[in-house]
Amino acid sequence: MAQNEDDDYEYRIKEGDHIVLKRGDVYKAVQIQRKKKVIFEKQWILLDNVVGHLYSTTFEIASGGTLQPKEDKETESSTDVKVAGTDNRNIVDDGKSQKLTRDDIETMKEQGLKNEEIIQQLIDNSSTFNNKTEYAQDKYIKKKKKKYENTVTVLKPTCRIIAMMYHGREPGKICHLRYDTLAQMLTLGNIHAGSKVLVFETCAGLVLGAVMERMGGYGSVIQMYPGGGPVRAGVECFGFPAHFHDMLHEFPICHVNALLAGTLDTGAKDPTAEEKHLNAAAEQEQIQPEAERQEGSPADERMETNTGGDAGQDREKLEREKRQEAKAQERKVKLEEKRRKLAAAAALLEGRNADGLVIASQFHPCSVLLGLIKFLSPSRPFVVFSQFKETLIECYTKLKEQGGTVNLMLTDTWLRHYQVLPDRTHPLLLMSGGGGYLLSGMTVATDHSEPPAEEPAPKRQKVKDSEG
């Protein structure tokens with residue numbers, strides 16, 4: 001038994017792991033912490049008991065929010081229905097077929113009845129259940145299980161699960177990027193271990209996390225970010241090991257033109273947006289104590305002098321100066337760390353030998369694509385995602401005009417789920433309207449030498465007519 005536990009250690013849930021809770025089609029990413037309550041689907045639950053179990057285990061929510069592993073039961077009394085009707089033409093949905101009221105159901109929950117027992121009570125008290133067809137009865141039971149089953153499944157975070165979680169809850173944060181479109185991006189971008197990939201995205205770090213997962217901690221990922229700093233909320237949901245973050249680099253998109261022109265000075269003291277913010281905060285902290293000292297009235301100052309307040313003021317002044325020095329030192333360390341990261345990323349980009357480019361942004365991708373594609377080696381793939389085809393059409397046209405790319409393709413992604421059941425296989429009625437558009441291609445080396453001058457065409461000689 002101990003040997004089996006050692007073999008599947010990596011598949012077992014451990015304290016501090018990032019997990020995904022699943023109930024039906026609802027997902028939520030959390031981190032396991034002892035004695036910390038997590039709210040999921042309007043319920044408070046404790047995750048202490050999941051530690052040590054295998055991933056994909058289903059738990060029942062007991063009293064107090066504790067989780068207990070669900071026992072596998074073969075007996076499904078609610079589904080073993082013998083009486084069934086031939087059709088549903090005589091069934092009228094008037095809301096009067098169910099004898100149990102909401103108060104009765106809540107009373108049964110308070111009495112501690114299990115979900116299967118509550119569902120069985122609903123079936124027994126339904127006046128139209130036996131008249132329904134077998135298919136309609138199965139559909140009714142499935143609907144009630146989804147509503148009253150108090151279970152949750154613990155999953156290991158993966159690219160597909162995180163993408164489904166974001167797309168189901170907050171699709172606007174990931175530019176409505178669907179998981180099948182994300183899979184095509186990873187394939188068209190040829191993302192693999194040991195490569196050097198450029199990523200520009202505004203999808204809460206989902207695309208960046210997917211690229212890091214595919215590379216497995218080997219290679220280099222350079223995140224090109226807009227604004228004051230990179231956004232990596234989605235990357236944290238994956239729960240990558242520490243060595244995964246060693247291959248991750250960051251570079252501000254505003255410095256790309258300077259790097260291409262060779263005028264970027266990574267050791268310069270020119271403050272970026274984040275440095276300006278830190279400097280403004282420091283100035284505000286210095287102004288605030290002076291304003292506090294000026295607020296005191298002369299009477300208050302005389303009172304403090306008479307009561308020996310000078311010593312207290314001196315101590316407060318010393319403590320304030322120490323805090324300011326500590327904060328200034330902390331700011332200095334942050335700025336030095338940022339300059340060091342900037343220099344490391346610039347060194348990787350200067351070679352212009354990246355192996356792939358992935359762009360998924362809410363901004364217009366044309367200028368970003370034309371700037372970042374210059375860092376790719378010849379015969380390397382790139383892929384651009386956008387919700388709208390018009391922006392990608394403009395990128396397609398510009399790439400055709402300037403040359404240096406081949407195999408340009410503008411594609412639309414389409415996905416539809418199917419229900420596969422005996423005698424009931426058909427497409428689902430509800431589906432995603434659109435998964436966005438992808439522009440992909442391959443870079444090629446361009447010959448910038450002047451083309452040879454064309455020789456003038458030989459003149460046509462006139463034929464003289466002979467006399468005689």
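Which residues are buried in helix α6 (residues 179–188)? Asp180, Thr181, Leu182, Met185 and Leu186 are. Buried here means under 20% relative accessible area, with exposed over 50% and partly exposed in between, using a 1.4 Å probe and protein chains only. Helices (H or I, at least four residues) and strands (E, at least two) are DSSP runs, numbered from the N terminus.

Some ground rules. This is a predicted model, where local features need pLDDT of at least 70, side-chain atom pairs count only at pLDDT 80 or more, and totals for chains, interfaces and linings use all residues. Residues are numbered from 1 along each chain as its sequence is written, and side-chain values use heavy atoms, with hydrogens and water left out.

Back to α6. The cover over its buried residues includes α5 (159–169), α7, β11, β12 and β16. Contact means heavy atoms within 4.5 Å. Just after α6, Asn190 has a positive phi of about 55 degrees.

Now take strand β12, residues 381–386. Six of its six residues are buried, so β12 is largely enclosed by the rest of the structure. Pro381, Val383 and Phe385 point one way; Phe382, Val384 and Ser386 point the other way. The general rule: in a regular strand, side chains alternate between the two faces of the sheet.

Who sits beside β12? Two strands pair if DSSP finds at least two bridges between them. Strand β11 (residues 356–360) pairs with β12 in the parallel sense, over four bridges. Val358 stands opposite Val383. Between β11 and β12 the chain goes through helix α14 (residues 365–372), and this β-α-β crossover is right-handed. That is, with the strands pointing away from the viewer, the path from the first strand over the helix to the second runs clockwise. Strand β16 (residues 437–443) pairs with β12 in the antiparallel sense, over six bridges. There, Val384 stands opposite Leu439.

Zoom out to the sheet. Seven strands form an open sheet with mixed pairing, in the order β10-β9-β8-β11-β12-β16-β13. Its edge strands, β10 (248–252) and β13 (405–412), each pair on one side only. The twist averages 15 degrees from one strand to the next. For angles, axes are lines fitted to C-alpha atoms, for helices over the stretch in contact, and values run from 0 to 180 degrees between N-to-C directions.

Two helices on this sheet. Helix α7 (residues 206–215) lies across β8, β9 (220–225), β10 and β11, at about 160 degrees to β8. Helix α14 lies across β8, β9, β11, β12 and β16, at about 170 degrees to β11.

Next, the other sheet. Five strands form an open, antiparallel sheet in the order β2-β1-β7-β5-β6. The edges are β2 (26–31) and β6 (67–69), each pairing on one side only. Neighbouring strands are turned by 35 degrees against each other on average, direction ignored. Helix α5 packs on this sheet, touching β1, β2 and β7 (151–155), and its direction makes about 115 degrees with that of β2. Six bridges join strand β1 (residues 18–23) to β2. Val20 has Ala29 as its bridge partner in β2.

Last, a helix pair. The axes of α3 (residues 115–124) and α4 (residues 134–148) come within 10 Å and cross at roughly 135 degrees. α3 and α4 are therefore oblique to each other. The cut-offs: under 35 degrees is roughly parallel, over 145 roughly antiparallel, 65 to 115 roughly perpendicular, and the rest oblique. Asn115, Ile119, Leu122 and Ile123 in α3 meet Tyr140, Ile141, Lys144, Lys145 and Tyr148 in α4.
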